[in-house]
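Please keep the sequence and the model in view while reading.

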Amino acid sequence: MSAACTLRRPRVNPGWFGFRPKTQKASFRCESPPKQGRPSSDHENLMQFGLIGTEWFPILGALRKPRNHTIRETTMSMRFITKDIHAYLDYPVAAGLFAMPFLLGLGQSAPLAFWLSVVTGVAALVLTLLTDHHLGVVRVLPYKLHLTVDGAVGVVFVIAPFVLGFSGLDALYYWVIGATVLIVVGLHKEETKA
């Protein structure tokens with residue numbers, strides 16, 4: 001099929017959003033018909049009827065089809081806790097796990113509710129010192145192992161009140177800390193390889 005040629009008559013742009021009106025020159029344009037077996041897109045149809053074009057509506061003519069974001073891409077964009085941010089959180093968290101049982105008077109429902117957090121705080125400090133990140137002192141443990149241990153601690157803290165019979169403030173403390181640790185681990189952002 002041969003190309004269809006059309007003559008565009010001069011039109012006056014009314015001047016949107018405070019811009020001065022602009023008279024368009026007459027133009028002669030030939031467009032090739034769409035290939036057989038392939039339906040024309042909405043964009044092409046609008047171009048045929050003169051509803052979209054860089055001559056009349058430069059902004060609309062420059063539009064492109066929006067990118068289809070997948071669920072994985074959306075989830076990845078929500079993860080913002082990098083390795084460096086996590087490293088800065090490790091030391092205060094370790095100190096808090098050690099000190100909070102003393103400050104809150106944990107252990108009212110069971111003595112283990114007091115010591116579980118204290119021992120975990122000491123272990124968290126040792127783990128942080130040995131982790132391979134910029135705040136580690138002896139960087140012998142891979143960061144992924146560190147994340148795995150953090151996730152395991154979060155799970156243990158969430159289920160500990162049920163298994164060990166904690167109640168009241170003891171149970172609330174472990175549920176809140178465990179859920180917070182799991183959220184932080186879940187929001188970890190993977191490192192981009194250079």
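**Aromatic pairs and overall layout**

Seven aromatic pairs are counted in this structure, which is a predicted model. One of them joins Phe157 and Tyr174, whose ring centres are 4.9 Å apart with the planes at 80 degrees; since an angle over 60 counts as edge-to-face, the pair is classed so.

**Aromatic pairs**

- Phe157 and Tyr174 are both buried.
- Phe162 and Trp175 have ring centres 5.3 Å apart and planes at 40 degrees, so this pair is tilted.
- Because Phe162 belongs to helix H6 and Trp175 to helix H7, the pair ties together parts 13 residues apart in sequence.
- Phe162 is exposed, at a relative accessible area of 62%, whereas Trp175 is partly exposed, at 34%.
- Phe98, Phe102, Phe114 and Trp115 are linked by ring pairs into a cluster.

**The chain as a whole**

- Seven helices and four strands are found in the chain.
- In sequence order, the pattern is β-β-β-β-α-α-α-α-α-α-α.
- Of the 194 residues in the chain, 25% are buried.
- Among contacts between residues at least 6 apart in sequence, 55% join residues at least 24 apart.
- The chain exposes about 13900 Å², and carbon and sulfur atoms supply 68% of that area.

**Helix H4**

- Helix H4 covers residues 83-104, which is 22 residues.
- From first C-alpha to last, H4 reaches 30 Å, close to the 32 Å expected at 1.5 Å a residue.
- H4 has a kink of about 35 degrees at Phe98, shortly before the proline Pro101.
- Lys83, His86, Ala87, Asp90, Ala94, Leu97 and Pro101 are the buried residues of H4.
- An α-helix has 3.6 residues a turn, so residues three or four places apart point the same way.
- The cover over the buried residues of H4 includes H5, H6 and helix H7 (169-186).
- Just after H4, Gly105 adopts a positive phi of about 70 degrees.

**The largest nonpolar core**

- Eleven residues form the largest nonpolar core: Leu97, Leu106, Ala110, Ala113, Leu116, Phe157, Ala160, Phe166, Ala171, Tyr173 and Tyr174.
- At least two residues of this core come from each of H5, H6 and H7.
- H7 gives the most to the core, with three residues.
- Tyr173, one of the core residues, touches Gly96, Leu97, Met100, Pro101, Leu104, Leu106 and Ser117, leaving out residues up to four places away in sequence.

**Leu141 in its loop**

- Leu141 is located in the loop between helix H5 (111-130) and helix H6 (143-164).
- With a relative accessible area of 24%, Leu141 lies between the 20% and 50% limits and is therefore partly exposed.
- Apart from neighbours within four places in sequence, Leu141 is in contact with Leu127, Leu130, Thr131 and Asp132.
- Leu141 and Leu129 are twelve residues apart along the chain, and their C-alpha atoms are separated by 9.3 Å.

How values were computed. Residues are numbered from 1 along each chain as its sequence is written. This is a predicted model: local features need pLDDT of at least 70, side-chain atom pairs count only at pLDDT 80 or more; totals for chains, interfaces and linings use all residues. Side-chain values use heavy atoms; hydrogens and water are left out. Buried means under 20% relative accessible area, exposed over 50%, partly exposed in between (1.4 Å probe, protein chains only). Contact means heavy atoms within 4.5 Å. The expected span of a helix is 1.5 Å times one less than its number of residues. The bend at a residue is the angle between axes fitted to the seven residues ending there and the seven starting there. Accessible areas come from the Shrake-Rupley method with a 1.4 Å probe; for residues, only the protein chains shown count as cover. Rings of Phe, Tyr and Trp (its six-membered ring) pair if their centres lie within 6.5 Å; planes under 30 degrees apart count as stacked, over 60 as edge-to-face and the rest as tilted. A nonpolar core is a set of buried Ala, Val, Leu, Ile, Met, Phe, Trp, Tyr and Cys residues joined through side-chain atoms within 4.5 Å.
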